[in-house]
Amino acid sequence: MFRRITRARPAQTSQPSRTFDPDAPETSGRTARLTDFAYLGETDIYLDAGCQSLRPQPVIDALAEYYTQYNACGGRVKYAWGRRVDAEVADTRRAVLDLLGLSSRTHAVSFTLNTTYGLNLLLTQLPTGRYQRVLTSHIEHNSVFLPTIAAATRLGVPRIVLDRAPDGGLVYAPHELDNAVIVVSAASNIDGRLLTNLAALVDDAHARGGIVIVDAAQAIAHSAALLRGTGADAVCFSAHKMYGASLGVVVATTVLLRSLDISFLGGGMVSDVREDSYDLVPDDPGALLEPGLQAWGEIIALHAAITWAKRVRLDGLTPDLFIERMSRRLFEGLRELPGVTMVNAAASPVVSLYVDGQDSHRLAVFLSKSGIMVRSGYFCAHHYLKEQLGLPPLLRFSLGLHTTESDIDRALECFARLLKGLS
C-alpha cells in the first residue's frame, strides 16, 4: 500500500508542487498526481477524504522536523527549543484566524483532539439559566447531534431539531432563535450540502439573544470561503480533514469563551493555584479550552497544511476549483451507473449512494480488493439516514487534492464491472 517515507525535508523550504504558467497551452492528458502525494501507490485509490484527508509531503516534513529537531514543550520552558515551539504555535494561531478572516482582537484559537471534542468543550461549559432552547438540524453528524441532546438536558431546556432546505440552508422561524444555542454543520458529510444562509442565521440569532456554533469539519478544506468573516460565535473543525495532522480546532469569540463556566481544568489554563482555589489566565481566552500538554507537532503541521493549500495549484486551478471539477466528474459518472440510487442532488466532494438489493458494506469490501477505498455505512448520521429517511447503509465517495481524473475513472470502471457481475 503506502511506501515508507525514509527522509524528511525541512518544512520551511517546501515549495508548491506545481506552478502555473497562464500563457502555457492547455494539455489534453489526464491530471497527474501532485508530487506531494508521491508516497501513494499507483494502485491505491483513496476516496475517503471525508473521514480524513491524506497529508502532503510538506505537512509530513513539518511534523517530522518538530520531532527530530526541536521536540520540546510549549508554554512551559525558556530554552531555545521551547521558544521555537511557542513561536511556531503562535504562527499557527495567526494562520487560522487569517484563513477565516477573523481578528485576534475579537477571536481566539484553541486546539483540541477533534471537532467533536471541541463542540463538547463548549456545550458542556455553557452557563445555565442564560439560554431558552437548543437548536440543531436533522442532517447533522453525531458530533453535533449527540452533544446537543446532552446540552439540552444539562441546561434544562427543550431541544428543537429543524429541517434543512435542498440547498442546505437551515429552515427556521425567527422566534425559534430567541436566546437559543444553535449548533449546525457548515457542510453535510453525507452529500456536501452547504449552510447557505449562515450569515442570515447569525444575524437573526444575535438579534434575538442567541448564539451560533458551527461544525465546519467538512467545509474547512474546500468551502472555507463560506466561513470567512463569519459572525458565528464559534467555528469548530478538524485539521485532519484539511491536509493537516490529527487535531481539533476551535475558533471562538472572546465574549463566548469568557462566558463559559469552566469546569474542565488543567495546567496551562491557570496563572496561579492555591490549596482550594485558582486563577484562570487573565489575558489568553484561547487557553480556557486547552488543559494539559498540547499536540505541539500537530499544531505546527497545521500551519504547514494551511500554507501548502494556499500555494498549491493543480492544472492551474486553485484547490477549490480543482475539487469542483473532480466532483462533477465523479458525480456524473456515478449517476450513470445502472441500479445506483444517488443521495446527492448535485455534485459535491462528498457523494453518497446505494444500490438496490446490494449490501453497501459488501460492495465496499469488493471495491477494496481492487484498491478502491470508499466508506460504507451511515457515516455517523444515523438519525437522518436511518430513522428519518429510512435508507439502507450507503456507499460514500469523497475527494481530496490527491485525487486524479485517473483515480475517478478507475473507480468508476471497477464499480461498473462489480455491479455488472452482481446483476
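Fold, burial and cysteines of a predicted model

Q: How far apart do the end C-alpha atoms of residues 45–410 lie?
A: The unreviewed UniProt entry lists this span as "domain: Aminotransferase class V", an annotation that may be inferred rather than shown by experiment. The span is 35% helix and 18% strand, where helices (H or I, at least four residues) and strands (E, at least two) are DSSP runs numbered from the N terminus. The model is predicted, so local features need pLDDT of at least 70, side-chain atom pairs need 80 or more, and totals for chains, interfaces and linings use all residues. Residues are numbered from 1 along each chain as its sequence is written, side-chain values use heavy atoms without hydrogens or water, and the end C-alpha atoms lie apart by 8 Å.

Q: What is the radius of gyration of the protein chain?
A: The chain has 11 helices and 15 strands. For 423 residues, the globule rule (2.2 Å times the number of residues to the power 0.38) gives 22 Å. The chain is as compact as a globular protein of that length, because its radius of gyration, taken over C-alpha atoms, is close to that value, at 22 Å.

Q: Is Cys 414 buried or exposed?
A: Buried means under 20% relative accessible area, exposed over 50%, and partly exposed in between (1.4 Å probe, protein chains only). Cys 380, at 28%, is partly exposed. With 7% relative accessibility, Cys 414 counts as buried.

Q: How many disulfides are there?
A: A disulfide is a pair of cysteine sulfur atoms within 2.5 Å. By this rule the count of disulfides is 0.

Q: Which cysteine sulfur is nearest to Cys 380?
A: Cys 380 is in no disulfide. The nearest cysteine sulfur is 8.4 Å away and belongs to Cys 51.
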